[in-house]
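Here is a short note for a colleague who is new to this structure. Please read the points in order.

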Amino acid sequence: MNPITHFMTGWVLANGARLDRRDRAIVTLAGIIPDIDGAGIIPEFLTRHASQPLTWGSDYHHCLHTLPFAVLVSAAGFASAKRRPLTAALAWLSFHLHLFEDILGSRGPDGYQWPIPYLAPFSQAWALTWKHQWQLDAWPNIVLTAVLLAATLYLAWKRGYSPAEMVSTRADQAFIAALRNRFQPRRAGPTLH
């Protein structure tokens, strides 16, 4: 799945409980942090025409999609949260929803499935894949992203905060004002008899 889908999955999950701004950010980030290992695509792209290109994106993507990293992320969430047990549990779930989404729909155009090395670095016994995994650009991924976008916008409109709060409360307030202005509940007008 794409990072935007993972991000919105984490944010929608975080809004399933009454968490404050920081705890929502922790749960949301736990849903996208496994893809930090994908940052290797940048040096790979920049060195693609070099005599010895760096293949860090290809070689290391999914190396943090593991149980030990999930434990580390959840522990960090626990240590920095206000509602510690709940936020850590939701961070754990958010991380694993990321893995689940990747297993469902991250196949490349060449058919490669990007297995999830769940027990790495201790064991390579569980390289999680699903033989029916759909391509990254397949319609189920597009539908899931659209549903999550709709849920994100609805929750933002209803609750009065959006994922923008993670960057700027001022930008978040402006976004919520625009969203609510655009989608105001319609008032019944006078009826003609």
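1. Start with the contacts (heavy atoms within 4.5 Å). Of those in the protein chain with a separation of 6 or more, 67% join residues 24 or more positions apart.

2. Note the basis. This is a predicted model, in which local features need pLDDT of at least 70, side-chain atom pairs count only at pLDDT 80 or more, and totals for chains, interfaces and linings use all residues. Residues are numbered from 1 along each chain as its sequence is written, and side-chain values use heavy atoms, with hydrogens and water left out.

3. Now the overall build. The protein chain has 8 helices and 2 strands (DSSP runs: H or I of at least four residues for helices, E of at least two for strands, numbered from the N terminus). Their order from the N terminus is α-α-α-α-α-α-β-β-α-α. The C-alpha atoms fill a box of roughly 75 × 40 × 35 Å along the principal axes.

4. Burial comes next. Of the 193 residues in the protein chain, 39% are buried (under 20% relative accessible area, 1.4 Å probe, protein chains only).

5. Look at one helix pair. The axes (lines fitted to C-alpha atoms over the stretch in contact, with angles from 0 to 180 degrees between N-to-C directions) of helix 1 (residues 3-14) and helix 2 (residues 21-30) come within 7 Å and cross at roughly 145°. Which residues in helix 1 meet helix 2? F7, G10, W11, L13 and A14 do, and they meet R24, V27 and T28 in helix 2.

Conventions:
Buried < 20%, exposed > 50% of the residue type's maximum accessible area, 1.4 Å probe, protein only.
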